[in-house]
Structures are given as structure tokens and as C-alpha cells.
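Thanks for coming. I will go through one model this morning, element by element, so please have a look at it before I start.

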Amino acid sequence: MNLSNLKPAQGSTKTRKRIGRGSGSGLGGTSTRGHKGAKSRSGYSKKIGFEGGQMPLQRRIPKYRFKNINRVEYKAINLTTLQELAEKANLQKIDIAALKAAGFINKNQLVKILANGTLTTKIDVEAHAFSKAAEEAIQSVGGNVVKL
């Protein structure tokens, strides 16, 4: 064996289709493109999302719903959670940093305190929003409410 008689292994290579090289090749004439129509022409490229004249998906879907771009989304935290956190960590003031440290919120989330449950400990609560009932419950125990 030497460089002059090297060849690839049997069956590892195929000869490529030579399209459009006359009718004798069997691949001349329409050159495997079928008859007429846009897809048979040179320079044809289908628009992304084109569905043959049917209303395309990206134009059908937005017709169903409305999404308010001004919506502010809060992470809801109940009074029971605040009570448990105050007892467990022995805190008199619960703020955003304390909630992050306890793992209740991520760094970018806004917090709203809701009135589910009861509060027995006097605590000062710092959050972005409060429900009226939660605000009253915190103040009735003697705590303070601070809106950020």
C-alpha cells in the first residue's frame, strides 16, 4: 500500500446527484423540482411563517388575549408567614432583606403583604404594598407599616 493506491472504505462514500445535466442523466428537465409553481423557480424563498395563504399562526394567536404592559406583579406573603418568620428568627422588624434571607423572595421581586392568618407578635413590616386588612392587622397588634 502506498499513497498512489489509497481509496476510501467500501460503501463509505456516495456519488452526488448531478441535477440538471441533460435528460440522459435521468435528473434533467425539471431537475427534481416538479412542474411549475414558485418552488420550481430560481430565487424562490418562502417567507418565514408562510402557511400557503392560510392565516399564519403568528397572526392568529394575538387575536385572542390582551396583556396589560403596565401590570405590576407582586409576590404575595401572608401574615402567617410573617408570624412564623418573627418567631423562628426572633425578629421585631421584617423587611425585604429578611424575606430574601429566609428564601421567600428573589432579588427582583416586589412584595405585597396579605391578611391570610393571624398576627400576634408586634412587628414592623417593610414591603412594597399591603392589603387594607393586612395593614389593619399589623397596626392593631402595635406594629408599624412602611411602604417602599
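**Helix H2 and what surrounds it**

Asn90 comes after H2 and has a positive phi, near 55°. Before going on, the conditions: this is a predicted model, in which local features need pLDDT of at least 70 and side-chain atom pairs count only at pLDDT 80 or more, while totals for chains, interfaces and linings use all residues. Residues are numbered from 1 along each chain as its sequence is written, and side-chain values use heavy atoms, with hydrogens and water left out. Helices (H or I, at least four residues) and strands (E, at least two) are DSSP runs, numbered from the N terminus.

Back to H2. Its buried residues are Leu79, Thr81, Leu82, Gln83, Leu85 and Ala86. Here buried means under 20% relative accessible area, exposed over 50%, and partly exposed in between, with a 1.4 Å probe and protein chains only. What do the buried residues of H2 pack against? They pack against S1, strand S2 (93-94), H3, S3, S4 and H4, where contact means heavy atoms within 4.5 Å.

Next, the core. The largest nonpolar core has 19 residues, and Leu82, Leu99, Val111, Ile113 and Ile138 touch the most other members. Helix H2 (79-89), helix H3 (96-102), S3, strand S4 (124-127) and H4 each give two or more residues to this core. H2 gives the most, four residues. By definition, such a core is a set of buried Ala, Val, Leu, Ile, Met, Phe, Trp, Tyr and Cys residues joined through side-chain atoms within 4.5 Å. As for Leu99, beyond its neighbours within four places in sequence it is in contact with Ile77, Leu82, Leu85, Ile94, Phe104, Ile105 and Val111.

Now the sheet. Three strands form an open sheet in the order S1-S3-S5, with parallel pairing. S1 and S5 are at the edges with a single partner strand each, so one side of each has no neighbour in the sheet. Two strands pair if DSSP finds at least two bridges between them. S1 (residues 74-78) is joined to S3 by five bridges, and Asn78 stands opposite Leu114 in S3.

Which residues of S3 are on its covered face? Val111 and Ile113 are, whereas Leu110, Lys112 and Leu114 make up the uncovered one.

Ser131 sits in the loop between S5 and helix H4 (132-141). Ser131 counts as buried because its relative accessibility is 18%. Not counting residues up to four places away in sequence, Ser131 touches Lys112, Ile113, Leu114 and Ala115.

Last, the charged pairs. There are four salt bridges, each a side-chain nitrogen of Lys or Arg within 4 Å of a carboxyl oxygen of Asp or Glu. One of them joins Glu126 and Lys93, at 3.4 Å, N to O. That pair links distant parts of the chain, with Glu126 in strand S4 and Lys93 in strand S2, 33 residues apart. Glu126 is buried at 18% relative accessibility, while Lys93 is partly exposed at 47%. Another is Glu51 with Arg60, with the closest N and O atoms 3.1 Å apart; Glu51 is partly exposed at 30%, and Arg60 is partly exposed at 32%.
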